[in-house]
Amino acid sequence: MQQAIFAVATIIIGVFGCVAYFYFSNLLLDRMLPAKGPNAGRNINRANAIRPWLFVFPALAILSIYLLYPVFSTFYLSLHDSRAQFVGADNYTWLAQDEKFRESLVNNLLWLLVVPAASTFFGLVAAGLTDRIKWGQLAQSLVFMPMAISFVGAAVIWKFIYDYRGAGQGEQIGLLNALVQAFGGDPQAWITLPFWNNFFLMAILVWIQTGFAMVILSAALKGISEETIEAAYLDGASPLQVFFKIKIPQIWGTIAVVWTTITVTVLKVFDIVFAMTNGQWGTQVLANLMYDWMFRGSPDFGRGSAIVVVIMLLVTPVMVWNIYNAHKESR
Amino acid sequence: MDMAGGKSRLTWAVNLSAALLVLLWIIPTVGLLISSFRDRDAISTSGWWTALSASEKNVIERALAPGEAKPEGDLWVIEGKVLEGQGTTVTAFGITSKEPEAFSPGDTATHARGHKITVQADGRYRIEYAEEPSGSRGQRLFVRAETPPGFTLDNYREVLFAEGMGRSLLNTLTVTIPATIIPVLVAAFAAYALAWMEMPGRALLVAAVVGLLVVPLQVAFIPLLKLHIGVGLGKGYLGIWLAHTGFGLPLAVFLLRNYMVGLPGEIIESARVDGATDFQIFRRIILPLSFPALASFAIFQFLWVWNDLLVAKVFLGTGEDQVVMTGRIVDLLGSRGGDWEILAASAFVSIAVPIFVFFSLQRYLVRGLLAGSVKGG
């Protein structure tokens with residue numbers, strides 16, 4: 001109860017604090033540089049130069065402290081050991097030789113290859129199919145729904161699918177093993193199956209991200225000009241040909257956006273691995289490895305930071321591409 | 001004719017494939033949802049897809065001790081009931097472990113020592129001895145019982161009140177609501193300035209925001225945790241609100257600015273000419289017109305904060321008053337890994353709110369996604 005009061009009080013203080021800041025800072029500016037009297041012209045110009053900064057200041061301050069400063073600080077920390085002694089590139093040479101880091105890097109690359117490709121593919125298929133049917137809206141909602149489910153919730157859902165009962169432990173209650181058994185195969189402990197278990201974890205993210213890809217690609221498909229499609233039909237193209245040869249080439253740009261957005265999500269994937277295996281059985285990924293170094297019995301912030309710098313470097317090309325595109329569009 | 005036939009066949013194929021895809025996508029969730037309403041025994045002995053058919057189980061029970069037999073005519077009789085109060089039906093019974101299902105309900109089995117045993121379908125049993133028996137160990141009864149399909153809310157009751165999900169629900173709400181409202185407000189002002197006010201370096205600031213969109217959160221954990229501890233904030237709600245605000249701001253500013261740039265400039269110009277200040281323009285014109293974009297971002301931020309595990313694990317403590325639902329579920333996965341009734345119900349307690357928000361406000365969510373990614377994010 002006390003906590004609820006505390007929360008409500010903070011909301012009120014926070015919200016009113018924000019509003020009060022904007023209101024009173026603007027009022028103060030108007031008082032100090034009044035738009036009348038002998039210096040009206042000069043005052044107006046000065047006030048107009050200052051006011052935008054009053055508007056952006058809180059956002060700028062929070063962004064600087066919570067995102068910009070950490071980028072530099074992380075780089076700085078990555079050059080120091082767990083006792084804050086400067087060690088140069090030691091953490092990076094350690095990374096290069098660490099077994100777990102290599103495993104994580106390989107796994108992350110696998111995730112990068114499979115998840116964006118599979119999600120975009122299924123998203124495209126779903127968009128193509130739901131575009132042409134009467135209950136398309138409902139179908140889209142249902143495929144899109146996993147987006148609202150937390151990665152942890154999704155992990156529980158799929159762990160149940162992959163559930164395995166050893167011999168003598170009774171009937172298989174996991175759907176996958178029950179199906180395998182129904183088709184005459186042997187049940188497996190999927191999550192501990194070396195190498196392939198990575199793919200069973202990836203399936204979860206594909207399941208979540210397909211809806212995202214579908215929604216965006218579906219909007220792009222709707223935006224294609226009718227004329228090109230009609231012309232193709234008149235020339236005797238089949239619906240499949242139209243889809244692959246007329247529609248898809250026109251939405252390459254959107255496909256690229258979907259692909260890169262999912263790529264960034266994949267690089268940061270943590271919850272799924274943490275909840276399913278915590279990196280055991282050869283499923284470690286960079287984000288989870290970093291968390292591990294940060295919170296293990298004797299934390300090493302230097303090594304943790306070095307891993308983050310690697311993640312950061314992997315994201316950078318996407319960042320540059322995004323800025324380039326946004327810049328191109330604003331012109 | 002041929003064309004039409006081909007077309008309808010194609011329509012069928014498309015409908016069928018779409019149905020298959022949708023089925024594939026919702027089955028995992030449906031499976032766990034159904035399981036969350038089944039009782040522990042039912043979940044662990046049969047797949048959830050059998051939930052609507054009766055489940056069978058084999059049980060061994062001991063009858064009352066022979067010493068409690070009562071005389072009845074020439075006989076000494078023990079009467080009682082197996083599987084008391086479970087609503088089950090006996091389909092077979094036996095008296096030795098070698099043949100646990102040798103007899104049908106109502107049959108009479110004769111024990112090697114001479115006493116006669118009958119078990120009825122409803123679980124009542126009767127054991128007849130020719131002479132007064134003695135001893136304290138009752139006759140073993142092997143029973144095969146059929147349980148009718150049944151659903152229960154017990155799992156939810158247990159996770160909410162005994163497993164701490166109720167408390168965690170409150171904690172999650174405490175994290176989510178301020179962490180959704182504050183960034184919307186802060187970002188709206190900044191977005192307006194970046195869209196409609198003359199300032200040097202505006203293009204650079206916009207580019208910086210786009211760049212920050214993809215900065216991995218992991219970057220922030222170690223420096224900020226050190227900072228929070230350094231300034232005495234420690235691990236707690238104030239810290240996580242600020243952190244979520246910071247992490248949500250790039251998307252908020254980006255989405256809102258893109259939307260506000262698209263608003264008609266004439267309205268803003270004419271308001272300026274009429275002598276309205278920027279603060280008035282923002283409050284009276286921009287905010288109401290930007291409602292769809294504000295709603296989109298608010299939904300995003302809400303879903304993201306509600307579903308977050310990582311930020312909560314880093315910036316909140318592990319005490320009962322700070323563990324959020326996702327964190328609680330991960331703990332349960334570790335400590336009660338095989339207890340699917342607990343896990344399923346916990347998962348759905350945490351999923352229910354986002355799903356509700358999702359289905360009721362999907363419009364805004366889709367709009368936000370489109371604005372956020374098609375336009376270059």
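Biologist: Two strands pair if DSSP finds at least two bridges between them. On that basis, how many bridges join E2(B) to E3(B)?

Modeller: There are 3 bridges, and the two strands run antiparallel. Strands (E, at least two residues) and helices (H or I, at least four) are DSSP runs, numbered from the N terminus. Residues are numbered from 1 along each chain as its sequence is written, while chains are lettered from A and ligands numbered from 1 in the order in which they are written. This is a predicted model, in which local features need pLDDT of at least 70, side-chain atom pairs count only at pLDDT 80 or more, and totals for chains, interfaces and linings use all residues.

Biologist: What is the bridge partner of B:Lys70 in E3(B)?

Modeller: B:Lys70 is partnered by B:Val77. The hairpin of E2(B) and E3(B) has 2 residues between the strands, and B:Gly73 there takes a positive phi near 65 degrees.

Biologist: What is the strand order of the open sheet in chain B?

Modeller: The order is E2-E3-E7-E6-E5, with 5 strands and antiparallel pairing. Strand E2 (70-72) and strand E5 (108-110) of chain B are the edge strands, each pairing on one side only. From one strand to the next, the twist averages 30 degrees. Strands of a sheet pair through backbone hydrogen bonds, either parallel or antiparallel.

Biologist: How many bridges join E3 to E7 in chain B?

Modeller: Strand E3 (residues 75-81) and strand E7 (residues 124-129) of chain B are joined by 6 bridges and run antiparallel. Among the pairs, B:Ile78 stands opposite B:Ile127, B:Glu79 has B:Arg126 as its bridge partner, and B:Gly80 has B:Tyr125.

Biologist: And E6(B): over how many bridges does it pair with E7(B)?

Modeller: Strand E6 (residues 116-119) of chain B pairs with E7(B) over 4 bridges, in the antiparallel sense. B:Thr118 has B:Arg126 as its bridge partner in E7(B). E6(B) and E7(B) form a hairpin with 4 residues between them, and B:Gly123 in the turn has a positive phi of about 100 degrees.

Biologist: Changing topic, what are the confidence scores of the model?

Modeller: The model has ipTM 0.86 and pTM 0.83. In terms of pLDDT (the predictor's confidence in each residue, from 0 to 100), chain B averages 84, with 96% of the residues scoring at least 70. Chain A has a mean of 85, and 99% of its residues reach 70 or more.

Biologist: Which element of chain A has the lowest mean pLDDT, and which the highest?

Modeller: The lowest is helix H1 (residues 2-32) at 81, and the highest is helix H4 (residues 99-130) at 91.

Biologist: How many residues does the contact take from each chain?

Modeller: It takes 89 residues from chain B and 89 residues from chain A. The side of chain B that touches chain A has 64 nonpolar, 21 polar and 4 charged residues. Here Ala, Val, Leu, Ile, Met, Phe, Trp, Tyr, Cys and Pro count as nonpolar, Asp, Glu, Lys and Arg as charged, and the others, Gly among them, as polar. Two residues are in contact if their C-beta atoms, placed from the backbone, lie within 7 Å.

Biologist: At what angle do H5 and H8 of chain A pack?

Modeller: Helix H5 (residues 136-144) and helix H8 (residues 196-222) of chain A pack at about 145 degrees, with their axes 8 Å apart. Axes are lines fitted to C-alpha atoms, for helices over the stretch in contact, and angles run from 0 to 180 degrees between N-to-C directions. The residues in contact include A:Phe144 of H5(A) and A:Met214 of H8(A).

Biologist: Is A:Gly302 buried or exposed?

Modeller: A:Gly302 counts as buried because it has 23 C-beta neighbours inside 10 Å. Buried means 20 or more other C-beta atoms within 10 Å of a residue's own, exposed 12 or fewer, and partly exposed in between, with C-beta atoms placed from the backbone. A:Gly302 lies in helix H14 (residues 301-330) of chain A, and its contacts include A:Leu77, A:His80 and A:Asn91.

Biologist: What is the phi of A:Asn278?

Modeller: It is near 50 degrees, a positive value in a residue other than glycine. A:Asn278 lies in the loop between helix H12 (271-276) and helix H13 (286-295) of chain A. A:Trp281, in the loop between H12 and H13 of chain A, has a positive phi of about 55 degrees. Most residues other than glycine have a negative phi.

Terms used: Lists of a residue's contacts leave out its neighbours within four places in sequence.
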